[in-house]
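This report goes through selected geometric features of one model. The structure is shown first, and the features follow by topic.

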Amino acid sequence: MRILFLGDIVGRTGRDGVLSRLSDLRTRLALDLVVVNAENASHGFGLSPAIATSLLQSGVDVITLGNHAWDRRDLIGHIDGEPRVIRPLNYPPATPGQGSVVVGLADGRKALVVNVMGRLFMDPLDDPFRCMNELLTKHRMGATVHAIVVDIHAEATSEKWAFGHMLDGRVSLVVGTHTHTPTADHRILAAGTAFQTDAGMCGDYDSVIGMTKEPAVARFVRKMPGERLQPSEGEATICGIMVETDDATGLARRIAPLRQGGLLAQTLPDF
């Protein structure tokens, strides 16, 4: 299975960058599954139902969220009716939506996509390690599904690394989101799980994690609240990670970063 995961979409610039490139990327890379994190897609904060629909109609198979999941209150009434939009698995019971979804491909193969949120320097949610272990009692690669993709939305690199090592050999890909900065540590772990600490963002990198520079800098300099942060509107760099898995085992065969457009060094997977 050929899987593309795209990091946090930030504002209109990030959305337009993804929407304008996704069809070509699906064809050029022969993608079977596309997963994107879109918790910042609506003006930098949250995800509206309309934007969720536009992403899904453009060729995105699953949308993951994070700590900004409920910034757009209109998503609360929408998410139960759209299983392809998932929020972190470790939110409390009875929270709207689901933390995972099984996606059926046109050829009959199935992939489980999971979203969890870390707890270090983040909201004090349930234990993501325990929640993930519990979910994996119901799903196994090579049996119930052909691949498993996990988005860990977390601040601390140590927590993401620990999560990846705990899941090594049990899932296809563990990839981090939230910091909006692509890390250079993409690799296949010892037991066959692909891993990257953070996929980066789809947005304007002439910014402060996707937001216009001046107000963001002023907050650090003055240590006072200022004007509301706004997404930067320069050309976006589309950042993500591509993985090819073995259908029999679900484990990763190859992994490579993707960066297209904007300011960062360009790279496109060549497998």
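## Basis

The model is predicted, so local features need pLDDT of at least 70 and side-chain atom pairs count only at pLDDT 80 or more, while totals for chains, interfaces and linings use all residues. Residues are numbered from 1 along each chain as its sequence is written, and side-chain values use heavy atoms, with hydrogens and water left out.

Helices (H or I, at least four residues) and strands (E, at least two) are DSSP runs numbered from the N terminus. Burial is given as relative accessible area: under 20% is buried, over 50% exposed, and in between partly exposed (1.4 Å probe, protein chains only).

## Helix α1

Helix α1 covers residues 11-28, 18 residues in total. From first C-alpha to last it reaches 26 Å, close to the 26 Å expected at 1.5 Å a residue; the expected span is 1.5 Å times one less than the number of residues.

A kink of about 45° is centred on Leu22, where the bend is the angle between axes fitted to the seven residues ending at a residue and the seven starting there. Leu22 is also one of the buried residues of α1, which include Gly11, Arg15, Val18 and Leu25. Just after the helix, Ala30 has a positive phi of about 50°.

## Strands

Six strands form an open sheet with mixed pairing, in the order β5-β4-β3-β1-β13-β14; two strands pair if DSSP finds at least two bridges between them. β5 and β14 (252-260) are the edge strands, each pairing on one side only. β13 (residues 238-245) pairs with β14 in the antiparallel sense over eight bridges, and Cys239 stands opposite Arg259 in β14.

β6 and β7 (residues 110-117) run antiparallel and are joined by five bridges. Val103 stands opposite Ala111 in β7. Five residues lie between the strands of this hairpin, where Gly108 takes a positive phi near 100°.

## Aromatic contacts

Rings of Phe, Tyr and Trp (its six-membered ring) pair if their centres lie within 6.5 Å; planes under 30 degrees apart count as stacked, over 60 as edge-to-face and the rest as tilted. The count by this rule is two aromatic pairs. The ring centres of Trp70 and Tyr91 are 6.0 Å apart with planes at 50°, so this pair is tilted. Trp70 lies in the loop between β4 (62-64) and β5 (85-86) and Tyr91 in the loop between β5 and β6 (100-104), so the contact ties together parts 21 residues apart in sequence. Trp70 is partly exposed at 22%, whereas Tyr91 is buried at 12%.

The rings of Phe129 and Phe163 have centres 5.1 Å apart and planes at 70°, so they are edge-to-face. Phe129 is in helix α3 (residues 128-135) and Phe163 in helix α4 (residues 157-167), so parts 34 residues apart in sequence are tied together. Phe163 is buried at 0%, and Phe129 is partly exposed at 21%.

## Positive phi in loops

Ala94 has a positive phi near 80° and is not a glycine. Ala94 lies in the loop between β5 and β6 and is exposed at 80%.

His180, also not a glycine, has a positive phi of about 65°. The loop between β9 (173-177) and β10 (187-188) holds His180, which is buried at 7%.
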